[in-house]
Structure formats: C-alpha cells, structure tokens
Amino acid sequence: MLRVALRVALLTCAIVLVLILILGFLFFGDQPVLGISLVTTVLVFFAVYTTMVLLLKKRLTRILEELDDLNQKRFFDHEPREYPDDDEIDDILRRLDETSFTIEKEFYRLKRMENYRKDFIGDLSHELKTPIFAIQGFVETLINGALEDPEVNREFLKKAMRNVSRLISLTNNLMEIAKLETGELKTTLSEIPLKSVILEVVENLQFKAEHEQVQLIVDDVDSDLMVLADRNQIRQVLINLIENAIKYNKPGGTVHIGTFMTPQQGNKKVTVYVRDTGIGIEAKHIPRITERFYRTDKSRARDKGGTGLGLAIVKHIIEAHNEQLHIESESNKGTTFSFTLQNAALISG
Ligand SMILES: Nc1ncnc2c1ncn2[C@@H]1O[C@H](COP(=O)(O)OP(=O)(O)O)[C@@H](O)[C@H]1O
Ligand SMILES: [Mg+2]
C-alpha cells in the first residue's frame, strides 16, 4: 500500500463528497443525492489512488532503496540513469544519484588518505625506532662503564652523535615533505640561471664527494640558459640527486651533471641529468624508488645517513612544477636521474 496515495485519495474523496452533498442539496433537494455521492466518492477514491500509485510507487521505492544503500555505505554502480518523467520526483532522484556519487568519491578519497596516514605513521615509527634505540644503547654502555674506557668512549659518543644527526635529517625531511603535501611550501616560478644553481650545489657537495673519492663533473651548460622554476626547490632536487649519486657510487667513480635540449620539441624543455657510475638500481626497484622510506638496501642507505625521503621530495617538487622525472639504471654500472624544466628564453621571446 502506498500511504501517500491513500492519504491523497482519502482527502480528495472527502472534498468531493462534501462538494457533491452541498451542490446536491442546493439543486436537487435531498433524496437521490446521497447514493450517487457515495458511489462517486468510491470511484474518485480508486481513480486517485491508482493514478498516484502509477505515478509514484516505482520511483519512491527507488529513492528509498538508494537512500538505504547510501546509509549502509553501499555505493551502486553509476550506469547512466534515466529520468523520463522530468518532474520534482525525478529531480529528487537525479540529485540523489549525484549526491551519492559525490559521497562515494569523498568516501574513497578519505579512505585512501586514512590508509596513507596509517602507513606513514607505521613507517615513521619504524624509522624513528632504529636511531633512538641505537642512541639508547650507546649511552647505556657509556654509563655502565665505557665512559672511563678511553679505547671506546669517543667512538661510542661519535656513533651516538651520528644517530642524532640521522634523527635531525629525518625530522627536516619530514617537515619538508609535510610542507610540500599541505601546499604550505608554494612553488613560485621565476626565471633562474640554471648554470649558477648547478655550480652552487656542486660546490657545496664537493667536500662530501672528495670524502667518498667521487669526482663531480659539470658538463658544459650554457651560461645564458634560463629556466622557469622555483630556485630553492630546484636546488633541493639537485642536492638530493647529487648526494645520492655520491652516496651510491664507488670509490674512484664519477658524477656527471649537465643539461640538454630537444630540438624536435622546439627546445621548449631543458632536461637536467645527474649521471653516476655507482652501484645502480635493479629494474624491479625503479618503479617504487621514489616512495617515501623505500630503499633498495636498508643497511647501506642507513650507514650513509639516508632517510629514504630524498627521492620522495624530488618527486613532489618535480610534480609541483608539472615536469617529468626519469630514472635509468643498470646494476653495477650506474644510474641516470633526469628531469625536465621549462626553457625561459622561449617564453620571454
Ligand atoms: N644514484 C643512485 N644509485 C643507486 N641507488 C640509488 C641512487 N639514488 C637512490 N638510490 C636508491 O634509492 C633509495 C632512495 O633514495 P632516497 O629517497 O634519496 O633515500 P636515501 O638516500 O635517504 O636512502 C636509496 O636508499 C637507494 O637504495
Ligand atoms: Mg637520498
């Protein structure tokens, strides 16, 4: 039974009955009117009820079912639906479908974020544990007597310090990532002289490279070359890539940094590459290498003070520039990281 139809039909009947009775008494006197009125009323009741059922029942049921589904977080498939009646009920149905689609999208977006958070916190606590426990171990050993042992006391303090440094770089990198992800760190594009940025970074990393017996070589880069980019962020990208190229290199190895353009594409883009002669990355790792905390060899990366966030930051920055990051590598031969930038000379004319 469709209750709304019943109510409308009953109400209509009541009105019709009253009207007929009044008109009847006014025009025909009293005898025959009552019978006819009752028959008419019953007919009106059925006519109205049936019409209402035909018009509403199917669609009202659909609305209720869809609301139930929504309530139970069951999202129906979104095959294109039809709204042939084009009245208010169809409007409600259409809006309901739209709303359900929006809620579904939002629901899965929040779910994805929640999973991301969970993974992130899991990874993070794992990453924090290692240096903290190491520091605890060294300090305890020192307190328990090693402090008086000149053979090891300095050594242990240095080791503890190294872990403190790791915690610091982890925190710095995390803050950097958080700022990039929340959009707090805005990417502001300006025309920057690429060569001087490269030279500046190379100069700052020279000491590290010498320490690892790795040679940094800047291939010829046009001094007039201007690119459209965020200077600080591109500097960060170069630091992270060149640091990796030094860290995951071999003694006596080299790192080449340079640029090239692709005339086929009208020189619109400048590609910057960092090519090393290091240990390389196995093909199976390459697709995941830019994920945060992903490392091919955890112990080696940790020894070298890595946080596993460097490439995640690089990827964020390159994406914020709407540019591309490429990785090519061969195990034991070396790796080339490259990324594109907008050639500013062509923009300013
Ligand atoms: N130039 C490279 N050669 C070989 N492996 C690399 C190179 N760059 C990065 N990797 C691998 O990718 C991982 C992730 O790099 P990154 O995000 O910078 O973290 P981290 O350097 O802190 O370990 C490294 O641990 C290393 O296994
Ligand atoms: Mg790194």
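Visitor: Does α6 pass α8 in a left-handed or a right-handed crossing?
Guide: Happy to start there, with a predicted model in which local features need pLDDT of at least 70, side-chain atom pairs count only at pLDDT 80 or more, and totals for chains, interfaces and linings use all residues. Residues are numbered from 1 along each chain as its sequence is written, with chains lettered from A and ligands numbered from 1 in written order. The near helix being turned anticlockwise from the far one by less than a right angle, α6 passes α8 in a crossing that is left-handed.

Visitor: Which α8 residues make the contact with α6?
Guide: Contact means C-beta atoms, placed from the backbone, within 7 Å. From α6 come Gln 233, Gln 236, Val 237, Asn 240, Leu 241, Glu 243 and Asn 244. They meet, on α8, Gly 310, Leu 311, Ile 313, Val 314, Ile 317 and Ile 318.

Visitor: Which elements give two or more residues to the shell around ligand 1?
Guide: The shell has 23 residues (C-beta within 6 Å), and Asn 244, Arg 295, Gly 306, Gly 310 and Leu 311 are the closest. Two or more come from each of α6 (231-247) and α8 (310-320).

Visitor: Which element gives the most to the largest nonpolar core?
Guide: This core joins 40 residues, each buried (20 or more other C-beta atoms within 10 Å). Val 237, Leu 238, Leu 241, Ile 242 and Val 255 have the most contacts inside it. With 7 residues, the top contributor is α6.

Terms used
Helices (H or I, at least four residues) and strands (E, at least two) are DSSP runs, numbered from the N terminus. Two residues are in contact if their C-beta atoms, placed from the backbone, lie within 7 Å. A nonpolar core is a set of buried Ala, Val, Leu, Ile, Met, Phe, Trp, Tyr and Cys residues joined through C-beta atoms within 7 Å. A residue is buried if 20 or more other C-beta atoms lie within 10 Å of its own, exposed if 12 or fewer, and partly exposed in between; C-beta atoms are placed from the backbone.
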